[in-house]
Amino acid sequence: MRRIWHKNGLKPHLSRTFKISNDPQFAEKLEAIVGLYLNPPEHAIVLCADEKSQIQALDRTQPGLPLKKGRCGTMTHDYKRNGTATLFAAMSILDGKVISMCDDRHRHQEWLKFLRVIDDLTPPEKEIHLIVDNYATHKHPKVEKWLVRRPRFHVYFTPTSSSWLNMVERFFRDLTQNRLKRGIFLDVEALIMAILDYIDKHNDNPKPFIWTAKASDILEKVKRARRALDNR
């Protein structure tokens, strides 16, 4: 069987996850957000914002062995949970700097608090173009009321099942890989300090993620994926 699989280029031990958006306004939302990435407006700030919720402060049950020549670092497969924290982050597409806030919950109250942080830390004369996902907290009536009173905020919702379109997710991935995945945190305070320290170091020498894909190319790829599913 292995030889047959190899001969035909089949790899049954591998699989990839996917989800094609069924948002009826997919094309319009995609074009608006990609337009911000490729041609950001002048005299404005474009921010990709989201929350990374339920970050666990994990401690290993036994000390691991350090990395050395000929041996990778080790850690136990089991762990102790010492609480959770939520990171709110807004990343500027222009320079890659991140505005952040940590809290213990991620309700509309905390999202409003974070919007106030953004409002305070950005130049008041600048328009704010905010890219967020469809989490209900972002559309809460009190949030909408707050935004109406601050017309410099312009909110763009990514299409459903399209979190990949929000570039702050790339930053969350790097944070997880570079700081959280192998971290040992005895309590939530240590976890939050590690997160904020990582963001401070990032902001000392920020590097923006560069978006290159055109909306038309993405739409064509989605159409091909839909045709493949329909003909499976």
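Predicted model: local features only at pLDDT ≥ 70, side-chain atom pairs only at ≥ 80, totals over all residues.
Residues are numbered from 1 along each chain as its sequence is written, and side-chain values use heavy atoms, with hydrogens and water left out.

**Overall picture**

The C-alpha trace spans about 60 × 50 × 35 Å along its principal axes. Of the 232 residues, 37% count as buried (under 20% relative accessible area, 1.4 Å probe, protein chains only). Contacts are heavy atoms within 4.5 Å. Among contacts with a separation of 6 or more, 73% link residues 24 or more positions apart.

The protein carries 40 positive and 28 negative side chains. Lys and Arg count as positive, Asp and Glu as negative; His and the chain ends are not counted. The centres of the two sets lie 10 Å apart, with each charge placed at NZ of Lys, CZ of Arg, CG of Asp or CD of Glu.

**Elements**

The protein has seven helices and five strands. Both are DSSP runs numbered from the N terminus: helices (H or I) have at least four residues, strands (E) at least two. The order from the N terminus is α-α-β-β-β-α-β-α-β-α-α-α.

**Strand E4 and its partners**

Strand E4 covers residues 127-132, and five of its six residues are buried. Strands pair if DSSP finds at least two bridges between them. E4 runs parallel to E1 (residues 44-60), joined by five bridges. E4 also runs parallel to E5 (residues 153-157), again through five bridges. From E4 the chain crosses through helix H4 (residues 141-148) to E5, a right-handed β-α-β crossover. Right-handed means that, with the strands pointing away from the viewer, the path from the first strand over the helix to the second runs clockwise.

These residues stand opposite each other:

| Residue | Opposite residue |
|---|---|
| Ala 44 | Glu 127 in E4 |
| Ile 128 | Phe 153 in E5 |
| Leu 130 | Val 155 in E5 |

How values were computed
Buried < 20%, exposed > 50% of the residue type's maximum accessible area, 1.4 Å probe, protein only.
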